Amino acid sequence: MIDEDELARLVASAQAGDRASLDRLLVRLRPTVMRRCSRFLPHHADAEEAAQDALLSISTHLHEYSGRGSFLGWVTVIASNAARSTYRSMRRRAEDSHAVVPEGVDPRTTSVIAGTRLDLMESLAALEERHPALVESFVLRDLGDLTYLQVAEITGAPLGTVKDRIHQARRFMRDRLGGGF
């Protein structure tokens, strides 16, 4: 686990332009970012690609972190978005290549795009399409492992609203995934 005082010092130094602090910060964040990306993309290479994109985004946009909300919450949002973006990109490439799922494999849970959880990602895409207001809270809580309070802080929504959104999203996902979520 990352020491929050050390993290705050590294963030402040990196925002002030200290390149060595930025490098140390990214090294310290890498395992956390990998874990977040792996929640979406269990195949290591896919998660690695998303994590690299997330770390690059953190590095490039660190100056935009204002201190409002937890830094790790901000990192979780970036990692989650990078993982979802990586999935969408891989899906487009797979569709363009007309990839075929091998016989005897459940196409809902086995990916021709290097092992992603297609059932989860497709369900998230459906949730985003039908109930876009529910997605962020659900992703941060259930895939990002943030507390309800952290989700409320990041989204700017009241705690009761966050809990309701997560409950609705879980019900939607459970129905789509056949109770397996």
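1. Aromatic pairs. This predicted model holds three aromatic pairs (rings of Phe, Tyr and Trp, the last by its six-membered ring, pair if their centres lie within 6.5 Å). The rings of Tyr65 and Phe71 have centres 5.1 Å apart and planes at 75°, so this pair is edge-to-face (planes over 60 degrees apart; under 30 counts as stacked, the rest as tilted). Both Tyr65 and Phe71 are buried (under 20% relative accessible area, with a 1.4 Å probe and protein chains only). Tyr65, Phe71 and Trp74 form one aromatic cluster.

2. Basis of the values. The model is predicted: local features need pLDDT of at least 70, side-chain atom pairs count only at pLDDT 80 or more, and totals for chains, interfaces and linings use all residues. Residues are numbered from 1 along each chain as its sequence is written, and side-chain values use heavy atoms, leaving out hydrogens and water.

3. Charges at Tyr148. Which residue has its charged end over the ring of Tyr148, 4.8 Å from its centre? That is Arg141. Lys163 also lies over the face of Tyr148, at 5.8 Å from the ring centre. The criterion is NZ of Lys or CZ of Arg within 6 Å of the ring centre and within 35 degrees of the ring normal.

4. Helix 6 against helix 8.

5. The contact itself. Helix 6 contributes Ala133, Leu134, Ser137, Phe138, Arg141 and Asp142. Helix 8 contributes Val162, Arg165, Ile166, Gln168, Ala169, Arg170 and Met173. Contact means heavy atoms within 4.5 Å. These residues divide into seven nonpolar, two polar and four charged (Ala, Val, Leu, Ile, Met, Phe, Trp, Tyr, Cys and Pro count as nonpolar; Asp, Glu, Lys and Arg as charged; the others, Gly among them, as polar).

6. Thr76. Is Thr76 buried or exposed? Thr76 is buried, with a relative accessible area of 1%. It lies in helix 4, residues 71-97. Thr76 touches Arg36, Leu140, Gly144 and Leu146, not counting residues up to four places away in sequence.

7. Val27. Val27 lies in helix 2, residues 19-40. Val27 is exposed, at 60% relative accessible area (exposed is over 50%, partly exposed in between). The C-alpha atoms of Val27 and Leu55 are separated by 9.3 Å, and the two residues are 28 residues apart along the chain.

Terms used. Helix = DSSP H or I, 4+ residues; strand = E, 2+ residues; numbered from the N terminus.
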